[in-house]
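Hi there,

Here is the structure I promised to pass on to you. Have a look at it first, and my notes follow below.

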Amino acid sequence: MSAEDSPRHSIEHAAPWPLAPPRLRLAHLPTPIEPLPPLSGWPAGPRVDLKRDDLTGVALSGNKIRKLEFVLADAREQGADCLVTCGGAQSNHARATSVSAARLGLGCQLLLAGTPETPPRGNLLLDRLLGAEVRWLTPAQYEQRDLELQRAAERLEAAGQRPYVIPEGASNEVGAWGYIAMLAELVAQHPSRPWTHIVCATGSGGTHAGLLIGSRLLQWDVRVRSYLVQRTRDYFVDQVLRITEAFAARYEVPLEFAREEIDIVAGFEGPAYAEPYDEEIALIRAAAREGGLLFDPVYTGKALTGLRAEIAARRFAPDDRILFVHTGGIFGLLAQGERFLTRA
Ligand SMILES: Cc1ncc(COP(=O)(O)O)c(C=O)c1O
């Protein structure tokens, strides 16, 4: 039986809302919810639970596959035979796209920022193993990533293929459905909706946008807050607003958000994208040793450091209840092994 015929890969139209687009079932859902275990140095304050989206699948681990379930159903409906996307050299999104392409029998071309790593490690090792074609972009080319994606698609078309372009992080109005559906999953798991805040890392804005749109569609008065890991707060506020506007237009829903409603926190991103800092490394080590939990240095480690600092600064009330979405990133951790060993 090919992946095409497998019931796991059949397009599902019975989504929770009449306006929801088709979805491919690729992730292992629902993911569990667990309390954050006691960690040394963690301040007293509100209860924190973890939504274990690091468990969406072994090779698929993380948040991207939730978005790809919808984006790839769209690609399938459009008759695509290959996927084109972009990201950093250690992009979790690129890796989840490589895995999905292999499972669906599609080609995969990745435009990655940086220079070839030898030997490839972490996500890049998996991209190679999974047979994705990698093209490297200079930092200047990566700034123009949408144009580069378009050019790559044109080259593939000229060669007789039917490419489907997925933007950075699958962060667009289709991918947003992944986190709208995640909110519906939460409500099914806990109908009493006990959380006052849902927090996560932001790297391209799609997870935050999906959660925000989902809270409105579900009429759930929960605060969505994210911790950025690169670029600027203004960039991500614009990005989230762009996704929500595109969503309202495409699915014809009257949704509007004010800039002030986009709660994105800067200050915990460290010296540069993917560069961890001492406080973060110490927290990642504590979570590993005291809780058996693996956070990554690029996204979740920074967001968790931000959350801890904000709890310590009493930016949450004691009776708040926070859900931290653990968005994965394990292979990014493996790509930076030495850093964690040399600071033992
Ligand atoms: C592990 C991990 N966590 C969080 C994020 C951030 O999610 P988003 O791109 O939807 O902002 C990403 C990707 O950017 C990621 O790979």
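Let me start with a pair of helices: helix 6 and helix 7 are oblique to each other, a word used for angles that are not under 35 degrees (roughly parallel), over 145 (roughly antiparallel) or 65 to 115 (roughly perpendicular). Before the details, note that this is a predicted model, in which local features need pLDDT of at least 70, side-chain atom pairs count only at pLDDT 80 or more, and totals for chains, interfaces and linings use all residues. Residues are numbered from 1 along each chain as its sequence is written.

The axes of helix 6 (residues 176-189) and helix 7 (residues 206-217) cross at roughly 50° and come within 7 Å. Axes here are lines fitted to C-alpha atoms, for helices over the stretch in contact, with angles from 0 to 180 degrees between N-to-C directions. Helices (H or I, at least four residues) and strands (E, at least two) are DSSP runs, numbered from the N terminus. On the helix 6 side, the residues that meet helix 7 include W177, Y179 and L183, and their partners in helix 7 include L211 and I213; contact means C-beta atoms, placed from the backbone, within 7 Å. The residues of this contact divide into 9 nonpolar, 6 polar and no charged (nonpolar: Ala, Val, Leu, Ile, Met, Phe, Trp, Tyr, Cys and Pro; charged: Asp, Glu, Lys and Arg; polar: the others, Gly among them).

Next, the domains. The assignment, which is automatic or from a database, gives domain 1 (7-63 + 172-342) and domain 2 (64-169). Their C-alpha centres lie 22 Å apart, and 35 residues of domain 1 are in contact with 29 residues of domain 2. Helix 6 turns up again here, giving the most to the side of domain 1 that touches domain 2, with 5 residues.

What surrounds the ligand? There are 19 residues around it, the closest being N92, G203, T207, T327 and G329 (near means a C-beta atom, placed from the backbone, within 6 Å). Helix 2 (92-104), strand 9 (197-202) and helix 7 each give two or more residues to this shell. Its residues divide into 2 nonpolar, 16 polar and 1 charged, and at least three are drawn from each of domain 1 and domain 2.

Finally, some backbone details. Cis peptide bonds join L29 and P30, with omega about 0°, and T118 and P119, with omega near -15°. A274, a residue other than glycine, has a positive phi near 70°.

Best wishes

Key: Two residues are in contact if their C-beta atoms, placed from the backbone, lie within 7 Å.
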